[in-house]
Amino acid sequence: MSNADLVPLVQALAGARVLCVGDVMLDHYIHGRVERISPEAPVPILNIDGEEQRLGGAGNVLRNLHALGAETCFISVTGSDAAARDVSRLVAELGTAEAHLLAERGRTTTVKTRYIAETQQLLRIDRERVMPLPAKLRADLLDQVRASLKEYRVVILSDYAKGVLMNGVAGDIIAAAREAGATVIVDPKSNVYADYRGATIVKPNRRELAAASGRALDGEGAIVAAARALMGASNIGAMLVTCGKDGMLLIDGERSVHSLDAEAREVYDVSGAGDTVVAVFAAAIAAGASLLQAAQLANTAAGIVVGKVGTAIVHANELAQALVDRDALDHGKVLPLALALDHVARWRRNGLKVGFTNGCFDLLHPGHVALLAQAREACDRLVVGLNSDASVKRLKGPGRPVQTEEARAMVLASLATVDAVVVFDDDTPVKLIEAIRPDLLVKGADYHHDQVVGGDYVESYGGRVLLAALVPGHSSSATIARIAS
């Protein structure tokens, strides 16, 4: 089966129902630039540009499931501290997940703080206290899992060895899931695979498999032998072994082995890639995929996510785009806002200047082409905000647009000067500009500087407004009027 044949499966992910249980964490990122070494000690000085928080650990699995459109139930344990409140807020912001966060006094919610200079991680600081669940909390968690198994037939155990799945909790969940007829997919941290006895699929990376098997895994044969030994000893149905630049191995049954080559074109950060793999794999199984189809989809997702910085996610339409041939026409540039912001963040972390312009672009003419060329020449990546059909109708009248937003977006996306197209429904792009925070805002020279929507906002944080020179004699409205007459 070719990658393109998997596109209908991506569309089916929106109907997948997945239960995720495991160790949630808070990932804290501090971004900045290093321009000199400290005179006090031979260490770099990080000038901070910004900070952000993301869900980590099992929470990053939840983020990926949400980005795929899957219906998700999330069960985890936090402390009763400030980090726990941040975790609860971030889970609530996802909006659609059914979440059960059980709080325990005296427990420390795990926080991983990473200091990053552009794309280079300088330092990671962990704040945590690993401890198993007390009896009452363990019983409450298992009761919630059993209740949720009535609605969810695929279960992810995201084990980060922070305590939620320790001391037999994983085994109890697997037993309950098997009794309910559910599929259990384990992302393991324990080296004792008896902890995962009876799991349907276990997804270790090569290093984790080597530690669990006590073997040196210097080739595909050694990996398969180690996997089968552990599968046989612990009644595990299959293994998906991730091997970094060497791709993945799916070991299913006694004879079936499928080798999948790595698909990454550029690698910036592998942190959280395993979360993406297990989320895509599980959602695909829940959507009716075979093990091989699910592994192929997860492999493609891994190739996308390692090109991003930090514990990143893969969106469903991003995954679909990666599966098809983009050479004919670059539909991959037409993005929803959430995915566009993901791209913008990655471009910025790679040190690229982001530009923005907007318009109706009802009939693309030489004036448009010249404006876009001037805009792209002044930045490294150009985002175009495109008025939706409803927006154009309000601005231009009931006879407009003459081309649908899909057609207008497709034409813009075919231009080499355009890196992303985002359709917006408002009369002005001000909300889009505030979300993207472009380094450069471009409009035609028929505007005065103080007439540029969003110009004051962009300049308030050090951005620049560019008024592009016009090509005289070209206007969509005038052209449409001539055609009509």
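This is a predicted model: local features need pLDDT of at least 70, side-chain atom pairs count only at pLDDT 80 or more; totals for chains, interfaces and linings use all residues.
Q: Okay, so what covers the buried residues of H9?
A: The cover includes helix H1 (7-12), helix H8 (273-286) and helix H10 (316-323), along with strands E11 (238-242), E12 (248-252) and E13 (256-260).

Q: How many residues of H9 are buried?
A: 12 of the 15, so H9 is largely enclosed by the rest of the structure. Among the buried ones are Ala294, Gln296, Asn299, Thr300 and Val305.

Q: And how far does H9 reach, first C-alpha to last?
A: Helix H9 (residues 291-305) reaches 21 Å, close to the 21 Å expected at 1.5 Å a residue.

Q: Switching to strands. Is E1 mostly covered or mostly exposed?
A: Strand E1, residues 17-22, is mostly covered, with 5 of its 6 residues buried.

Q: Which strands does E1 pair with?
A: Strand E4 (residues 71-78) runs parallel to E1, and 5 bridges join them. Strand E8 (residues 154-158) also pairs with E1 in the parallel sense, over 5 bridges.

Q: Which residue in E4 is the bridge partner of Val21?
A: That's Ile75. On the E8 side, Cys20 has Ile156 as its bridge partner.

Q: Where is Ala161, then?
A: Ala161 is in the loop between E8 and helix H5 (169-180).

Q: Buried or partly exposed?
A: Ala161 counts as partly exposed, because its relative accessibility is 36%.

Q: What is Ala161 in contact with, leaving aside its neighbours within four places in sequence?
A: Asp23, Val130, Met166 and Lys189.

Q: How far is Ala161 from Val402?
A: They're 58 Å apart in space, C-alpha to C-alpha, and 241 residues apart in sequence.

Q: New topic: which residues form the nonpolar patch on the surface?
A: Val34, Leu122, Leu123 and Ile125, with about 300 Å² of accessible area together.

Q: Which strand gives the most to that patch?
A: Strand E7 (residues 120-127), which puts in 3 residues. Ile125 lies in E7.

Note on methods
Residues are numbered from 1 along each chain as its sequence is written. Side-chain values use heavy atoms; hydrogens and water are left out. Buried means under 20% relative accessible area, exposed over 50%, partly exposed in between (1.4 Å probe, protein chains only). Helices (H or I, at least four residues) and strands (E, at least two) are DSSP runs, numbered from the N terminus. Two strands pair if DSSP finds at least two bridges between them. The expected span of a helix is 1.5 Å times one less than its number of residues. Contact means heavy atoms within 4.5 Å. Patches are made of residues with over 30% relative accessible area and no salt bridge: like charges are joined within 9 Å, nonpolar side chains (Val, Leu, Ile, Met, Phe, Trp, Tyr) within 5 Å. Accessible areas come from the Shrake-Rupley method with a 1.4 Å probe; for residues, only the protein chains shown count as cover. A salt bridge is a side-chain nitrogen of Lys or Arg within 4 Å of a carboxyl oxygen of Asp or Glu.
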